[in-house]
Amino acid sequence: MKKIRKGDDVVVIAGKDKGRRGTVIKVQDDQVLVQNMNMAKKHQKPNPQQGVSGGIIEKEMPMHISNVMLYNPATAKGDRVGIRTLEDGRKVRVYRSNDEVVDA
């Protein structure tokens, strides 16, 4: 079970966007793509068949999953995440600081 998933609200804890909050767009192995974070300029070649215009575009680049923490609205900070098995056998993510369940 992944501790960070698509759609989660996260806080960046390292890198040029340290301290900023964003939403996870994509998770792949040990990399995450966070909306409007880790922006890089990409020189894009035009492709008329796909309707892509050329030029320099700004694009989100993946960052390592260890550089983000799940945002805890109760404490208004980034929080570590643990995994707990409930009585009915379901596995759920919990915040380490206050043992609240992340996904209801």
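What percentage of the 104 residues of the chain count as buried? The share is 24%, where buried means under 20% relative accessible area, exposed means over 50%, and partly exposed covers the range in between (1.4 Å probe, protein chains only). The structure is a predicted model, in which local features need pLDDT of at least 70 and side-chain atom pairs count only at pLDDT 80 or more, while totals for chains, interfaces and linings use all residues. Residues are numbered from 1 along each chain as its sequence is written, and side-chain values use heavy atoms, with hydrogens and water left out.

The chain contains 10 strands and 0 helices; read from the N terminus, its elements follow the order β-β-β-β-β-β-β-β-β-β. The chain is more spread out than a compact globule, because its radius of gyration is 17 Å, well over the 13 Å that the globule rule gives for 104 residues. That radius is taken over C-alpha atoms, and the rule is 2.2 Å times the number of residues to the power 0.38. Along the principal axes, the C-alpha atoms fill a box of roughly 55 × 30 × 20 Å.

Contact here means heavy atoms within 4.5 Å. Among contacts between residues at least 6 apart in sequence, 39% join residues at least 24 apart.

A polar atom of the side chain of aspartate 8 lies 2.8 Å from the backbone nitrogen of arginine 5, and a polar contact of 2.7 Å links the side chains of aspartate 8 and arginine 93. A polar contact is a pair of N or O atoms within 3.5 Å; within protein, one must be able to donate a hydrogen and the other to accept it, and residues adjacent in sequence count only if both atoms are side-chain atoms. Not counting residues up to four places away in sequence, aspartate 8 touches Lys3, Gly22, Thr23, Val24, Leu70 and Arg93.

Attention now turns to the loop between β3 (31-34) and β4 (39-44), where asparagine 36 is placed. Most residues other than glycine have a negative phi. Asparagine 36, however, has a positive phi of about 60°, and asparagine 38, found in the loop between β3 and β4, has a positive phi near 55°. Asparagine 36 is partly exposed, with a relative accessible area of 43%.

Isoleucine 65 sits in the loop between β6 (63-64) and β7 (68-72) and is partly exposed at 23% relative accessibility. Although isoleucine 65 and valine 27 are 38 residues apart in sequence, their C-alpha atoms are 8.4 Å apart in space. Leaving aside neighbours within four places in sequence, isoleucine 65 is in contact with Ile4, Val27, Asp30, Gln31 and Val32.

Within strand β7 is asparagine 72, which is buried, with a relative accessible area of 0%. The side chains of asparagine 72 and aspartate 79 form a polar contact of 2.9 Å. Beyond its neighbours within four places in sequence, asparagine 72 has contacts that include Lys77, Tyr95, Ser97 and Asn98.

Key. Helix = DSSP H or I, 4+ residues; strand = E, 2+ residues; numbered from the N terminus.
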